[in-house]
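Welcome, and thanks for taking a look at this one. Please have the sequence and the 3D view open side by side as you read.

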Amino acid sequence: MTSTATRSWWGWGSTDQALPDEECVALAGMVPGLPDRPRAVPDVRDLVLPPSRVGPPPSLPVTTDPAARAAHAYGKAYRDVVRALSGDLRGAPDAVAHPRGESDVVDLLDWAGDAGVVVVPFGGGSSVVGGVEYRGERPWVSLDLGALDQVLEIDRTSRAARIQAGAFGPALEAQLRPHDLTLRHFPQSFEFSTLGGWLATRAGGHYATLHTHIDDLVESMRVVTPAGTSESWRLPGSGAGPSPDRLFLGSEGTLGVITEAWMRLQDRPRSKASASATFPDMTAAIAAVRAIAQAALHPANCRLLDPGEAALSGASGGQPVLVLGVESAAVPVEGRLAELTDLARAHGGVVAVADGGRDSAADAWRSTFLRMPYVRDGMARMSAVVETFETACTWDRVEELYAAVRSEVGAAVREVTGAEGLVNCRFTHVYPDGAAPYFTVVAAGRPGSEVAMWDDVKTAASEVLGRLGATITHHHAVGRDHRPGYDRQRPEPFALALRGAKAALDPAGILNPGVLLDELPAR
């Protein structure tokens, strides 16, 4: 597990990786109109939190320590970072629970149901959609599952493992490594997020094709609900009615608390290779990516960076760049990489020759990708408005969506901020029938109005995606921030069934109310 001693209470990741003031100022130079100096980071010890309103029994592992409450007040969305930097902790939890095992989770839910206390499950706290806070009036407890961090059992024959939900990415992989196995699921938040969080949000991870979501890696799940504990059978597949796992995958803590899961593993890759290709324009680049996605070659990495994204990451000087990667635990991969690059060339791509097996464009993108959340925090300290949102649509609408988002969100940025901003895009995942574009928006904000401006830009983005029939989220969950788009996407009969499941499993309405469904009146 990542050490909590170095975790930032207000922003992304580790405190020793946060951008220094000078780098914040330098970055702000790409967006005219920002202040000369960054906003100071408050000392959490100086902040005043509202008094706790709960009194759990001493037998429960619950603390009202102010620092713990502050660190669990928000996730890591732009809105969260700005509120924390402003010292606004009015929404902090009344207490934080640190269960030592599943029995503590059961006891906590029993107490909370009787006391009318809201419980919000918390893995690594890396949510960027308002998924780990509560915005209602009832007292609430943040349920931190970080102590449930063990790989409990490994079935080498079936290549699977039973893993507790609180295992952070690095700790999970470290426990699998001696067995020469890997889950091979690496979201951008890998270092600071947990298996339970990935399952609860249907997270997208390492693979750009084939096994793109955590859903594909689940064998069975164990979930504690106020109505009882659900555990599905371990099976490679089953046609026995609706899948119980599918009920809880993506449920975002509203139906139950995921405590462990059997996960499908892979042998650790031994052969890897990467390459990149530049294209004259996005039309040619998109055609190449579609051909690759439909060729059943299944590259592990297939990231298309538009000219703005490529320039920002240092992968090119202003042309679209396709980053490709292949890997295998059993066979050499050079032949498969050659087939992929041949497809890129057939669509006008100029392929870079890897030096010693490493590709400079791929390395530049990878470095920027891992550093970007810290850059976002640094820009937030300079009052820049920074937003990222991802979507997915079928290939017949990809070019239209790309052009519409850049045009209409760009226009919204100009209207909201009074100046031009950056609207960049990369394709993070691709499928035979479509792609997942991921957009980054950077614009000058006004000190004190950043959150309101961010809301306006996000609303504009949601409107254009909804109009084009594209999902409001591909791998970052719904939370509270994406509820309007999710309500629009979700068929009403399914919404009716989801409300019924919520009422049956959580009759007191204590689990993460306001996520996926409207909060019901307290009993």
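Below is a short tour of sheets, helix packing, salt bridges and backbone angles. Please keep in mind that this is a predicted model. Salt bridges number 40 in the structure, and the strands discussed here belong to an open sheet of 5 strands and an open sheet of 4 strands.

**The sheet of 5 strands**

- The strand order is E5-E6-E10-E8-E9, and the pairing is antiparallel.
- E5 and strand E9 (228–231) are the edge strands, each pairing on one side only.
- From one strand to the next, the twist averages 10°.
- Strand E8 (residues 218–225) pairs with E9 in the antiparallel sense, and 4 bridges connect them.
- To find this pairing in the viewer, look for threonine 225, which stands opposite glycine 228 in E9.
- Helix H4 (residues 102–115) packs on this sheet and touches E8, E9 and strand E10 (257–264). The direction of H4 makes about 40° with that of E8.

**The sheet of 4 strands**

- Here the order is E1-E2-E4-E3, in an open sheet with mixed pairing.
- Its edge strands are strand E1 (62–63) and strand E3 (118–122), and each of them pairs on one side only.
- E3 and strand E4 (residues 140–144) run parallel and are joined by 5 bridges.

**Helix packing**

- Helix H3 (residues 78–85) and helix H13 (residues 450–467) have axes that come within 10 Å and cross at roughly 170°. That angle makes H3 roughly antiparallel to H13.
- On the H3 side of this contact are Tyr78, Arg79 and Val82, which meet Glu450, Val451, Trp454 and Asp455 in H13. The residues of the contact divide into 4 nonpolar, no polar and 3 charged.
- Helix H5 (residues 169–176) has Gly169, Ala171, Leu172, Glu173 and Leu176 as buried residues.
- Those buried residues of H5 pack against strand E5 (151–155), strand E6 (160–164), strand E7 (181–182) and helix H6 (195–201).

**Salt bridges**

- Side chains of opposite charge can pair when their charged atoms come close.
- In helix H3, arginine 83 and aspartate 80 lie 3 residues apart, about one turn of the helix. Their side chains meet in a salt bridge, at 2.7 Å from N to O, and both residues are buried.
- In helix H14 (residues 483–489), arginine 483 and aspartate 487 are 4 residues apart, again about one turn of the helix. This salt bridge has an N to O distance of 2.9 Å.
- An α-helix has 3.6 residues a turn, so residues three or four places apart point the same way.
- Aspartate 487 counts as partly exposed because its relative accessibility is 32%.
- Lysine 502 forms a salt bridge with aspartate 506, and their closest N and O atoms are 2.7 Å apart. Lysine 502 is buried, with a relative accessible area of 10%, and aspartate 506 counts as buried at 3%.
- Salt bridges that share partners join Arg79, Asp80, Arg83, Glu133, Arg135, Asp455 and Asp481 into one network.

- Serine 383 has a phi near 70°, a positive value in a residue other than glycine.
- Where does serine 383 sit? Its place is in the loop between helix H11 (360–381) and strand E16 (384–390). Serine 383 is buried, with 4% relative accessible area.
- Alanine 477 is not a glycine either, yet its phi is positive, at about 80°.
- Alanine 477 lies in the loop between H13 and H14. At 7% relative accessibility, alanine 477 counts as buried.

Conventions
Residues numbered from 1 in each chain as written. Heavy atoms only, no water. Buried < 20%, exposed > 50% of the residue type's maximum accessible area, 1.4 Å probe, protein only. Helix = DSSP H or I, 4+ residues; strand = E, 2+ residues; numbered from the N terminus. Contact = heavy atoms within 4.5 Å. Axes fitted to C-alpha atoms, helices over the stretch in contact; angles between N-to-C directions. Parallel < 35°, antiparallel > 145°, perpendicular 65-115°, else oblique. Nonpolar A, V, L, I, M, F, W, Y, C, P; charged D, E, K, R; others polar. Pairing = 2+ DSSP bridges. Salt bridge = Lys/Arg side-chain N within 4 Å of Asp/Glu carboxyl O.
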